[in-house]
Amino acid sequence: MTPRAPMLAPPRIGVIGADVPRQLLLAVGATPVRVFGSWVGPVSVAAAELPGAVDAVAARLLDTLLAGEHRDLAGLVICNDSTAHLRLFYVLRILAARGRVPYPVHLVDAPRGGGPARERFVARQYERLAAFVVSLTGMPLEPAGLGAAAERELRLGDALARLRERRRSGRCSGPAALVAYRAAATLPPEDAAAVVDAAEGAAAGAPVFVTGSAHPDAAAYEEIERAGLRVVGEDHDTGDAAWIGDAVQAADPDAVIRLLAARHAARPPLAARSLAAERAAELGRRLDATAASGVIALARELDDGPAWDVPAQRRVAEARRLPFVARLRIGPDAALAEARDAAGALVRSLPQGALT
Amino acid sequence: MSDRLAAAVAVTRYQKEWFSRTAARSRAGEQIAIVNADVPHEILRALDIPYVVTQWWSSIIAAKQAGPVAMERVAARGLPDFSLQYDAMPLGEQDLPRDARPWGGLPAPAFAIAERSGDVTQKIFEQWGERPGTETFLLSRTAADPVPERWWELVPHEWETAFGTDRLDLLQAEIEEMIAWLEHRTRRRLDRERLAEIMRLGNEHAEWNRRTRDLVATARPTPVTVNDTMPAVMVPQWHRGTQWAVDAARALHDEVADRVARGQGVCPGERRRLMWIGRGLWSDLAMYQRFQDEFGAVFVWSMYLAIAADGYQRFGDDPVRALAARFVGITDQLYVPPWSSDWYLKEALSHDVDGVVHLVADDTPGGGFITEALEGAGIPVLEIRANNADARSTGAARIPERIADFLRTRVPGRA
C-alpha cells in the first residue's frame with residue numbers, strides 16, 4: 001500500500017484480540033486501542049447471525065462497530081486468536097470493502113504451538129502488520145522508532161508488574177486491576193502507566209484466581225468481590241495474560257520482528273488456542289505465584305475452549321487442596337448472576353476463617 | 001428403493017467391509033489412525049497406515065443411535081458434551097461397553113491427527129493422546145487470507161496465487177514434520193514417488209467427480225437424488241488416492257451418464273430445481289424427496305458432489321507442496337465468504353436452480369452473505385437455522401413445513 005500523508009494527532013489503531021505486538025504500532029506513531037465488548041447489554045439480530053455462533057461479548061463488540069462507536073480509528077487489526085474473533089474478521093472484511101465500516105481491516109494470524117515453521121509464519125504476519133500500520137500513519141518502521149517504542153512499552157510493563165505485586169499483597173482489588181489493564185490496552189503508554197500506578201486501594205477477602213473466558217469489563221469481578229473474595233490474578237487476555245508491556249531491542253526491524261515472533265511463542269497459553277495440559281500447567285504456576293486460596297472458572301456460552309480445560313485445571317487445583325468452582329455456558333444475560341453464584345459456592349467451600 | 005444408484009449401494013457395502021478388515025488388522029497389532037477430514041490423509045496412505053475419519057465414524061455412531069451414550073461417556077470424564085459433538089463422539093465411543101459399540105467399535109488408534117481449527121478441535125484430539133497407546137499430532141489451520149476471485153479456476157494449478165505462499169510454506173513444513181513423526185513411530189520411510197502417484201490418483205478421482213457434477217448440472221430431467229450422491233461421493237473420498245476410489249467415482253459417473261442418455265429422471269413432472277446449501281440432513285435424508293409429488297421439486301445440488309468436483313484437484317511437481325495446497329484452504333472454499341458465497345452462486349447459476357434451501361450452520365461465519373449473493377442474482381433463498389445432525393434441532397426448525405411454504409409462495413413452477 002502507498003503510505004498516507006502523516007497525520008497531526010497520533011492515529012489510533014483498533015485491535016480486536018491479544019496477538020498484536022504493540023511495539024510495531026507504537027513505532028510508527030500510532031496508539032494501539034483494544035476494542036472490547038461487554039458482559040451485559042443487548043445483542044442485535046445482525047450481530048447474532050452474521051458471524052455465526054459467537055459468544056455474546058463478541059457479538060456486542062460487533063454491535064459497537066456497526067453502530068459506529070469507533071469511527072475515529074485509522075484502521076482495525078483483528079487477531080485470529082479465537083474462533084469468535086476470526087469470524088468477526090471475516091464479516092468485517094466484507095463490510096469494510098463495502099464502506100460499512102469506515103476504516104481498513106487487517107488480520108493478524110499468529111498460530112500457537114512454537115517451533116521454527118510457526119515462528120517463520122508469525123514473523124511474516126508481523127511484517128504484513130507493519131506494512132499495514134505504516135500505510136495508515138505514513139511513518140516508516142525504523143530502528144530509532146522501534147527503540148523508542150520499546151522503551152515506552154517496557155515502562156508500561158514495569159507499571160503492570162507493580163500492579164500485580166499490589167494485587168498479591170492486598171493493595172489493589174480485582175476490578176481496579178481490570179480497569180487498569182483496560183487503560184493499558186487503550187491509552188498511550190505514558191497515560192496508561194499513570195492510570196495503572198494509580199490503581200490501588202485496600203482489598204480484603206480470600207484471594208482467588210479467575211480462569212475461563214476473557215473479561216471485557218469488571219462487572220463479573222465486582223460480583224465475585226462482593227461475596228468476600230479478592231481476585232488476585234487471572235489467565236485471560238484482558239488481565240494478567242494480556243500481551244502488554246513486552247518489547248524487544250534489536251538493531252534492525254527484521255530482527256525486531258523475528259524476536260517478537262519468538263516472544264509470541266513463549267506467551268502464556270490462552271484458552272482458545274492452547275492445549276488443556278498447557279493451560280493446567282500455567283494455572284499451577286499462577287496459583288503458586290499468587291497464593292490464591294481457590295479458583296473460579298467462568299466460561300460463556302459459545303466460548304467452549306475454556307470448558308475443555310476444566311477437568312485438567314480442576315486436578316491442578318485439587319492437588320493443591322484448593323476449591324475449584326466452574327460455571328460454564330453462561331448465557332448472554334446471566335453473567336453477573338453466575339459470577340455471584342460461583343463466588344458464593346467458592347466461599348462456602350473455603351475453610352472457616354479464610355475470608356478474613 | 002428401486003431407483004437407488006448402484007454406485008451408492010456398492011460403496012456403502014464396501015465401507016462396512018473395509019471397516020471390518022481395518023478393525024481386524026488393528027486388533028492383530030497393526031497401527032491405525034483416527035484423523036479429521038481436513039488433514040492430509042495422503043501421507044498416511046503413502047505410509048500404509050490405515051485411517052478412520054472422525055466425521056465419518058461419528059456419522060456411523062449417530063446412525064446406530066449410539067451418539068447420546070457416547071456423549072455421556074465424554075461427560076463422565078468431566079469434558080463438555082455440548083461442544084463440537086461430531087469431533088468428540090468417537091472419544092466417548094471408546095468407553096462404551098463392547099455390545100454397545102457400533103460395528104464392534106473402533107480399536108484404539110495409535111495416532112490421532114487433526115488441525116488446530118476453531119477453539120476446541122485441538123483439545124479433543126489432545127484427549128486422544130491421553131489415552132493409552134495413542135499419540136496426537138496437530139497441524140495449524142491458518143485463516144482464509146488472501147481472498148482470490150474465482151478460486152475454483154485457480155486452485156488446480158495456480159494454488160500459490162489462491163492461498164498465498166506464507167500459508168503454503170507453513171503447512172508444507174508441518175506436513176514434513178508429520179512425515180518425520182510418523183516415520184519415527186512406524187519405522188517406515190515415506191516413498192515420495194508413491195505419494196506422487198497417490199496425488200495423481202486423487203486428481204483423477206476428482207476429475208470423474210467434476211464430470212459427474214457437470215452432467216447433473218445440465219441434465220434434464222435430474223438423473224440422481226442428492227441422497228444417493230452424498231454417500232456415493234463421500235465414501236470414496238475417505239479412500240482418496242486409491243485405484244478403488246477412482247473406479248468408484250468413475251462408476252458413479254458412468255451410471256449417471258447412462259441415466260442421462262436414457263432420459264431417466266428421479267422426479268416425474270419435474271418443475272422446480274432446488275439447491276441444498278449446508279451439511280446433509282442426516283437425521284431425515286428422506287426429506288430431500290418429500291416435495292417431488294406435490295411440487296415437482298427436486299434437489300439437484302448438494303455441496304458433497306460439487307466440492308468433490310472443484311475442491312480437491314492440485315497439480316504440481318512437488319507432491320508435498322501440492323498436498324499442502326489441497327488442504328490449506330479446504331474449509332475456506334466451503335465456509336468462508338466471499339470464497340463460499342462466490343462459489344455457491346456460480347454453482348446455482350450453472351445448475352439453473354429455481355430456489356435454494358440454505359441450512360445455516362451456527363459454526364460457519366457470514367451465512368447471510370451467501371443468501372444475499374443468491375438473492376441478488378434473483379434466486380429465492382429459504383434460510384433455516386438448525387443443527388443438521390440433531391433431530392431435535394431440525395424438528396424444531398419445522399424444515400419440511402417451511403420448505404413446502406417456500407415452494408408455494410416463492411418458487412414458481414416451470415411450465
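Chain B is divided into domain 1 (31-141) and domain 2 (194-410), with bounds that come from an automatic or database domain assignment. The whole is a predicted model, in which local features need pLDDT of at least 70 and side-chain atom pairs count only at pLDDT 80 or more, whereas totals for chains, interfaces and linings use all residues. Residues are numbered from 1 along each chain as its sequence is written, and chains are lettered from A and ligands numbered from 1 in the order in which they are written.

The C-alpha centres of domain 1 and domain 2 of chain B lie 25 Å apart. Their contact takes 13 residues from domain 1 of chain B and 14 residues from domain 2 of chain B, where two residues are in contact if their C-beta atoms, placed from the backbone, lie within 7 Å. On the side of domain 1 of chain B that touches domain 2 of chain B, the elements that give two or more residues are helix 2 (41-46) and helix 3 (54-63) of chain B; helices (H or I, at least four residues) and strands (E, at least two) are DSSP runs, numbered from the N terminus. Helix 2 of chain B gives the most to this side, with four residues. By class, this side of domain 1 of chain B has seven nonpolar, three polar and three charged residues, with Ala, Val, Leu, Ile, Met, Phe, Trp, Tyr, Cys and Pro counted as nonpolar, Asp, Glu, Lys and Arg as charged, and the others, Gly among them, as polar.

Some backbone details of chain B lie in its loops. A cis peptide bond, with omega about 0 degrees, joins B:R220 and B:P221, and B:P221 is found in the loop between helix 10 (192-218) and helix 11 (226-237) of chain B. Another cis peptide bond joins B:P337 and B:P338, with omega about 5 degrees, and B:P338 is found in the loop between helix 16 (330-335) and helix 17 (339-350) of chain B. B:L84, which is not a glycine, has a positive phi of about 45 degrees and is found in the loop between helix 4 (67-76) and helix 5 (85-93) of chain B.

Chain A holds an open sheet of four strands in the order 2-1-3-4, with parallel pairing; two strands pair if DSSP finds at least two bridges between them. Its edge strands are strand 2 (31-34) and strand 4 (105-108) of chain A, each of which pairs on one side only. Four bridges join strand 1 (residues 12-16) to strand 3 (residues 75-79) of chain A, which run parallel, and the bridge partner of A:V15 in strand 3 of chain A is A:V77. Helix 4 of chain A lies across strand 1, strand 3 and strand 4 of chain A, running at about 150 degrees to strand 3 of chain A (axes are lines fitted to C-alpha atoms, for helices over the stretch in contact, and angles run from 0 to 180 degrees between N-to-C directions).
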